[in-house]
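Thanks for coming. Please have it open on your screens.

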Protein chains: 2
Amino acid sequence: VIPSAPGGQAIPSYLGIDVGGTKLALAVGDAEGRILARRRRPTEPCGRPETDLERIVADGRALLAEVGLAPHEIAAIGVSLPGPLDPVAGVIHNPPNLPGWKEVDVRGPLTRAFGRPVHLENDANAAALAEWRFGAGRGFRHLVYLTMSTGVGGGLVLDGRVYRGAGCQAGEFGHAPVEWEGEPCACGQRGCLEAYVGGAAWTRRLRSVTPGTSRVAALAGGAEHARPEHAVAAAREGDDFARAEVERYVGYLARGIVPIVFGLAPEVVVLGTIPTAMGEDLCFAPLRREVARHAWPLLTERLAIVPAALGGDLPYLAGLAAACEAQA
Amino acid sequence: VIPSAPGGQAIPSYLGIDVGGTKLALAVGDAEGRILARRRRPTEPCGRPETDLERIVADGRALLAEVGLAPHEIAAIGVSLPGPLDPVAGVIHNPPNLPGWKEVDVRGPLTRAFGRPVHLENDANAAALAEWRFGAGRGFRHLVYLTMSTGVGGGLVLDGRVYRGAGCQAGEFGHAPVEWEGEPCACGQRGCLEAYVGGAAWTRRLRSVTPGTSRVAALAGGAEHARPEHAVAAAREGDDFARAEVERYVGYLARGIVPIVFGLAPEVVVLGTIPTAMGEDLCFAPLRREVARHAWPLLTERLAIVPAALGGDLPYLAGLAAACEAQA
């Protein structure tokens, strides 16, 4: 509870800001993940981060005004940003997706504008925290979060706290090798999990291996346009080629998860984006079987492997989860 | 400082007990790892854990008497034990190496005998804590400990605290697959790190692949008696077969370490037993190169990969490190 909160308002509110490479999402909400107001716009970095930050401040002020809150009435501000960044210094280093943002002090301007604590979290950790606080990981003490989007991102909540590691670089499970000296990865290494289960990698593969006569090609309007969703849709229809592709995908996902299970003994593994879209039948049921086949019962019997639950609310809730860390 | 400590004694003392499958080690020492008194004897479990525990209590009392301390004058008691165990309940489940010990309350009898806090830690975690508090991991915030003995054990100190995971089962890096569906492992799975770098596995391999005419066979008194130390000694002499074996060993060690580096971004990886015996030239220098070749500079540039430092003092210090956790 904020001492200075206006009459009757007992629940502290937070301002969450998710700065994505393409979209910017802002939300005012509480520590339970209830969103009071939200807005979204293209990120459109202009090349001068000071100007970008001024626009973000203006958006934040407008959103707070919408719910009738003055800046000093919120408990904290959280910012989810692409890494690498330094949450202690409040500085973002040099994210590939934000041109012109290099060693930018994000916390300073926001603190001056709102007069409240500001916490920065890299987007993967913020998403992990959001699923842990508000989503599929709620109530668990040890959570591993992996999201198979264009690339593969990951975050850890261990012993009920986000684990960031040296230089806040932990959670890069997408680049743990699943095939030693295997497929080349966008990161420059070989055999990374991302090179098998990342959206870009699977898309590239589908375009090279999809038979022109297959259902995948038909759904995509040509094999050269094939994307993971076409393989998933065709597999659901029972297409053999697509089913084999989906099985291969799940097999590599298991290869990425099994070492994490042995090393960290998590209580829950939350998987976002592609696996969530694949669903229980095509992904989670066979994945659990495959993980159980390759890890000890002691580790898998009580392990939950579940889809991410926040869907389109994720960016808003990632910002709010980061805000909650300002006071954690 | 213990309020009730007798005049002049400002530094709290701890009693550490390491219950190994074959040897039992006890030490009285302080939180800096200074050992005031120690003793060691065969574990010799008699089949009745109550009797075994009574003997341990008698040993502890005798050791305390040696340094002139009454039980109530020590700060805490730590017990390092083979897992699986429950440090919260103070109960050891069913360690394969201690016949008759099944769901044994270890904390109860020790608390009653000494009247001080008792903390149980599984041996791998206790060793990790010992290297972190007193040894090669001192001063680091994020430590991964791996020991390549008969099998492969592991422990984690993350954010300056031991990380135990669900059911206290974390740290089983020895069973993360380094070769999917690879060599059979003693644990029943295939391709585990332990199946390549564990002492038993390497011994078995050496006995099957060592040429009878090789230097390894000469040192061992026959290829059928070959052990890792013979391969290491022959490699140091420049023997080609032994060098290839050592390189293979280091290569698999790197395969085990690289995913951990991506996932946890540790500051230090401490390796015990076989790598420590192999030393800088045969193990650590090539291992660092191999890890750096397969992980990002961001993660490896400041990463220390170092030999365990505690040597023969490890059991004593593992017990003391566990004791320090009683108050952590």
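Start with one pair of residues: B:Arg293 and A:Glu181 form a salt bridge, and their closest N and O atoms are 3.7 Å apart. That falls under the cut-off, since a salt bridge here needs a side-chain nitrogen of Lys or Arg within 4 Å of a carboxyl oxygen of Asp or Glu. Keep in mind that this is a predicted model.

How many salt bridges does the rule find across the interface of chain B and chain A? There are 4. The rule for polar contacts, applied across this interface, gives 14 residue pairs, with both residues at pLDDT 80 or more.

Now to the parts of chain B that take part. Five elements each supply at least two residues to the side of chain B that touches chain A: the strands β10 (152–158) and β11 (161–162), and the helices α8 (240–264), α9 (274–294) and α10 (297–300). The largest share comes from α8(B), with 7 residues. Sorted by class, this side of chain B has 22 nonpolar residues, together with 8 polar and 8 charged ones.

Next, the extent of the contact. Chain A contributes 38 residues, and chain B contributes 38 residues. An interface's size is often quoted as the accessible area lost when the parts come together. Between chain B and chain A, about 3400 Å² is buried, and 62% of that is on carbon and sulfur atoms. Which residues of chain B lose the most area to chain A? They are B:Tyr163, B:Trp180 and B:Trp296, and together they make up 21% of what the chain B side buries.

Last, a strand in chain B called β9, residues 143–148. Is β9(B) mostly covered or mostly open? Mostly covered: 6 of its 6 residues are buried. B:Leu143, B:Tyr145 and B:Thr147 point one way from the strand, while B:Val144, B:Leu146 and B:Met148 point the other way, and all of them are buried.

β9(B) has two pairings to look at. With β10(B), the strand runs antiparallel and is joined by 6 bridges. With β12(B), residues 268–273, β9(B) pairs in the parallel sense, over 6 bridges. There, B:Leu146 stands opposite B:Leu271.

Notes: Residues are numbered from 1 along each chain as its sequence is written. Chains are lettered from A and ligands numbered from 1 in the order in which they are written. This is a predicted model: local features need pLDDT of at least 70, side-chain atom pairs count only at pLDDT 80 or more; totals for chains, interfaces and linings use all residues. Side-chain values use heavy atoms; hydrogens and water are left out. Contact means heavy atoms within 4.5 Å. Buried area is the accessible area (1.4 Å probe) that two parts lose on being put together, summed over both. A polar contact is a pair of N or O atoms within 3.5 Å; within protein, one must be able to donate a hydrogen and the other to accept it, and residues adjacent in sequence count only if both atoms are side-chain atoms. Helices (H or I, at least four residues) and strands (E, at least two) are DSSP runs, numbered from the N terminus. Ala, Val, Leu, Ile, Met, Phe, Trp, Tyr, Cys and Pro count as nonpolar, Asp, Glu, Lys and Arg as charged, and the others, Gly among them, as polar. Buried means under 20% relative accessible area, exposed over 50%, partly exposed in between (1.4 Å probe, protein chains only). Two strands pair if DSSP finds at least two bridges between them.
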